[in-house]
There are 2 protein chains.
Amino acid sequence: MDSLMPQFVSLKKAQGLLALESRAKKDAALGAVSAAINAAREEILAANAGDTEKARCGGMKEALVDRLFLNDRRIDAIIDGIETVIRLDDPVGKIRAGWRHPQGMLIEQCAVPLGVAAIIYESRPNVTADAFSLAYKAGCAILLRGSSAALGSNRALVKAIKAGLAKAEGIPGAVELAASGSRGEIDEILGARGWIDVVLPRGGKELIRRVVENARVPVIETGEGNCHIYVEPLFDMAKAVEIIANAKLQKPGACNAVETVLVHKDALKPFMPLLAKCLAGRAELRCDPASKAAIGEAPSSLVLSDACESDWETEFLDYILAVKTVGSREEAVAHINKYGTRHSEAILTNDYAGAEEFMRCVDAACVYVNASTRFTDGGEFGFGAELGISTQKFHARGPMGLEALTSIKYRIHGTGQIRE
Amino acid sequence: MDSLMPQFVSLKKAQGLLALESRAKKDAALGAVSAAINAAREEILAANAGDTEKARCGGMKEALVDRLFLNDRRIDAIIDGIETVIRLDDPVGKIRAGWRHPQGMLIEQCAVPLGVAAIIYESRPNVTADAFSLAYKAGCAILLRGSSAALGSNRALVKAIKAGLAKAEGIPGAVELAASGSRGEIDEILGARGWIDVVLPRGGKELIRRVVENARVPVIETGEGNCHIYVEPLFDMAKAVEIIANAKLQKPGACNAVETVLVHKDALKPFMPLLAKCLAGRAELRCDPASKAAIGEAPSSLVLSDACESDWETEFLDYILAVKTVGSREEAVAHINKYGTRHSEAILTNDYAGAEEFMRCVDAACVYVNASTRFTDGGEFGFGAELGISTQKFHARGPMGLEALTSIKYRIHGTGQIRE
């Protein structure tokens, strides 16, 4: 019986203490963690080499092994991430609003830590350090439940984190690794009412579905991004192709990559040949009949096929782009609101009223006018790091940084008032 | 088979339209609703008379019948509530924050409606109008699931609301009554992922527990208030008694009423005789030995008994007050953080550092210095009306007004940017 209860108890106690730490103390502790990870570099890399070898032997695909893999450069990036979080403002204690009650009390709405967070994630070990450092800065304790494939790497990282915290008189109990690797562990986290204040699933569709369906503690859904870019005639077509190529090709596995391009019928003729030329040899196009016809003579290196209904629903996470013709802006918005996952949606247009209408009517965390959907990211939004990208509306939406880990407390300063 | 699915579909569609309504249109619609309720006064009172008669025949306690009961004055209050909501600012479309990305795009964080809300509540018919009007103003559609005892009253109210909305070219589909009265109805609401964006249970402990444990849609827990007032020596003892009497006696059934008073040992001697004198004949005192001894000669009309462990855990919702002696401020804080329900907690003191420490260390939605806990209320906080008082930290905490029914959308205005 590998119960997590001792860790829940320790995390809750540690969080009570961490909630009262000053920014200076938290930053000093994070600085010591960054130094400790640097000092433990060899140990972390050795553990990671063990994980990757085991994964390869077990037949893991090379793309997935790469997500698991650490080298000196990637450890530098982990350390940079912590240093960035140190520079961020402390979200705790901020007075978000304040006003006087008619009887004279001052009512303040003050930010406080959310409590104990749990993150359930897949193989990337950098998430271990990112999630810990954001949580610590926000005064939250965190339970880390990485994939069993990364267990050695995560153990080495958490050991270094705890050593750093201990050295700087921080609170080492504020981070715990769920390390049995069993599936029952996830169920225990999902049922830990009163111990865990939020669970963040970060990974594939299947993981997120499982967490959302089974959790009895609050969950923030992340990730799934079936993103669209809608092209109107009143726009520079070369620029449109450049933005779409960026949104499709720069990192096709990212949730903010574009999956379907919607083209206004009046833009088909100038747009499609340019798009076909740009993506030839770089991505497959799955077109509806009208957009396919508008390509004209296709470049020989272009992989071109017919789109079907299921393509509109698919987050390809691959070098595949679906293309659909729409007769109007309303039709584009309706398609997006039907098939989209409320993540990131863009319009390319020089029509002022159209841009405003699109922004208003599309229901998504991030709506872009004339820019690539790839910008949906905590770092790009200036949050320093991210816990993930929320695709729900409840509590947090879009890229989640420190604020997603806070709640509020009302502080009421009276002078003896009673209610009439 | 009384499936709510047709109502879910209609609410979702209506919410899409309501999200785009201007403040002027929403206010005009709410004005028409207020007029329609006024016009339907006789019909509503007749339906309510039927409900209350049935309840009395069924043996409902008179205190509960009173919660169900409507008269002209109470209908006036319902109408006033709607008029107050009309005067509130529209929360939708507010730009909460905005900044420039280094590549020049403007990123705006804009408030949007949360979506479709469902409220599961007990007998008070005024909740029907309050919840509807807040939801409508916030651009949210709402499913109302009142108690079966109030079904006639709620039917008459919702009929008037829909008539008002239709008259002012509002969106009548934005409010639906779940009217089968079956328990299965609640389960259907709790499982309606993708249709219901938040469920608000408002009522007794048992209802809230059931909703929280079974919901697969987001829930905001409300209500349970085991509230404390902690008395330090450095305070005017007569004032302390006045504040405690207000917090206990003004409305003992309210969640913000005080249940346990914690008294610093050095305050026992001046404080307890005054408290006993004030509450004699008005409330029962359940004292620990030290506070009981400090009363000295008890007034003959005082109901006095010995407190036991279970008293510290109980939300009496009655004319009963538990009293416990503490040796220090730390002990008071520890008692509150152990037994409290994170609702409303108060310290009475003239010690500056002590007040600050109490505010920082007590984990509750509302922490008071030198005022009655009875002020925890949407109306008192200036929110116009309230959906309930959240006792959780996730999404909303404390009294919930319009803001609790909003989420955000990021609007990104670019000029052709791609991610480097």
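User: How do α2(B) and α5(B) lie to each other, parallel or antiparallel?

Analyst: α2(B) and α5(B) are roughly antiparallel. On the scale used, angles under 35 degrees count as roughly parallel, over 145 as roughly antiparallel, 65 to 115 as roughly perpendicular and the rest as oblique. Helix α2 (residues 23-39) of chain B packs on α5(B) at about 175°, with the axes 9 Å apart. Axes are lines fitted to C-alpha atoms, for helices over the stretch in contact, and angles run from 0 to 180 degrees between N-to-C directions.

User: What are we looking at, and what are the numbering rules?

Analyst: This is a predicted model: local features need pLDDT of at least 70, side-chain atom pairs count only at pLDDT 80 or more, and totals for chains, interfaces and linings use all residues. Residues are numbered from 1 along each chain as its sequence is written, with chains lettered from A and ligands numbered from 1 in the order in which they are written.

User: What are the scores?

Analyst: The model scores ipTM 0.93 and pTM 0.93. Chain A averages a pLDDT (the predictor's confidence in each residue, from 0 to 100) of 95, and 100% of its residues score at least 70.

User: At what angle does α5 pack with α6 in chain B?

Analyst: About 10°, with the axes of α5 (residues 72-87) and α6 (residues 126-137) of chain B 9 Å apart. That makes α5(B) roughly parallel to α6(B). The α5(B) side has B:Arg74, B:Ala77, B:Ile78, B:Gly81, B:Ile82 and B:Val85, and the α6(B) side includes B:Ala129 and B:Leu134. The residues of this contact divide into six nonpolar, three polar and three charged.

User: Now chain A. How far apart are the axes of α3 and α7?

Analyst: 7 Å, for α3 (residues 41-57) and α7 (residues 151-167) of chain A, at an angle of about 165°. α3(A) and α7(A) are therefore roughly antiparallel.

User: Is that crossing left-handed or right-handed?

Analyst: The crossing of α3(A) and α7(A) is right-handed. A crossing is left-handed if the near helix is turned anticlockwise from the far one by less than a right angle, and right-handed if clockwise. Among the residues that meet there are A:Ile44 and A:Ala47 of α3(A) and A:Ala156 and A:Leu157 of α7(A).

User: Switching to sheets. What is the order of the four strands in chain A?

Analyst: β5-β4-β3-β6, an open sheet with parallel pairing. Helices (H or I, at least four residues) and strands (E, at least two) are DSSP runs, numbered from the N terminus. Two strands pair if DSSP finds at least two bridges between them.

User: Which strands stand at the edges there?

Analyst: β5 (175-177) and β6 (198-202) of chain A each have a single partner strand, so one side of each is left without a neighbour in the sheet. The twist averages 15° from one strand to the next.

User: Which helix lies across β3, β4, β5 and β6 of chain A?

Analyst: α6 (residues 126-137) of chain A, running at about 165° to β4(A). Helix α9 (residues 205-214) of chain A also packs on the sheet, touching β3 and β6 of chain A.

User: How many residues does each chain give to the contact between A and B?

Analyst: Chain B gives 51 residues and chain A gives 51. The largest share of the chain B side, 11 residues, comes from β16(B). That side divides into 23 nonpolar, 15 polar and 13 charged residues.

User: What does β13 of chain A do with β16(B)?

Analyst: Five bridges join β13 (residues 366-371) of chain A to β16(B), and the two run parallel. A:Tyr368 stands opposite B:Ile412. Both strands belong to an open sheet of 10 strands with mixed pairing, ordered β10(A)-β9(A)-β11(A)-β8(A)-β7(A)-β12(A)-β13(A)-β16(B)-β2(B)-β1(B). Its edge strands are β10 (304-306) of chain A and β1 (95-100) of chain B.

Technical notes: Two residues are in contact if their C-beta atoms, placed from the backbone, lie within 7 Å. Ala, Val, Leu, Ile, Met, Phe, Trp, Tyr, Cys and Pro count as nonpolar, Asp, Glu, Lys and Arg as charged, and the others, Gly among them, as polar.
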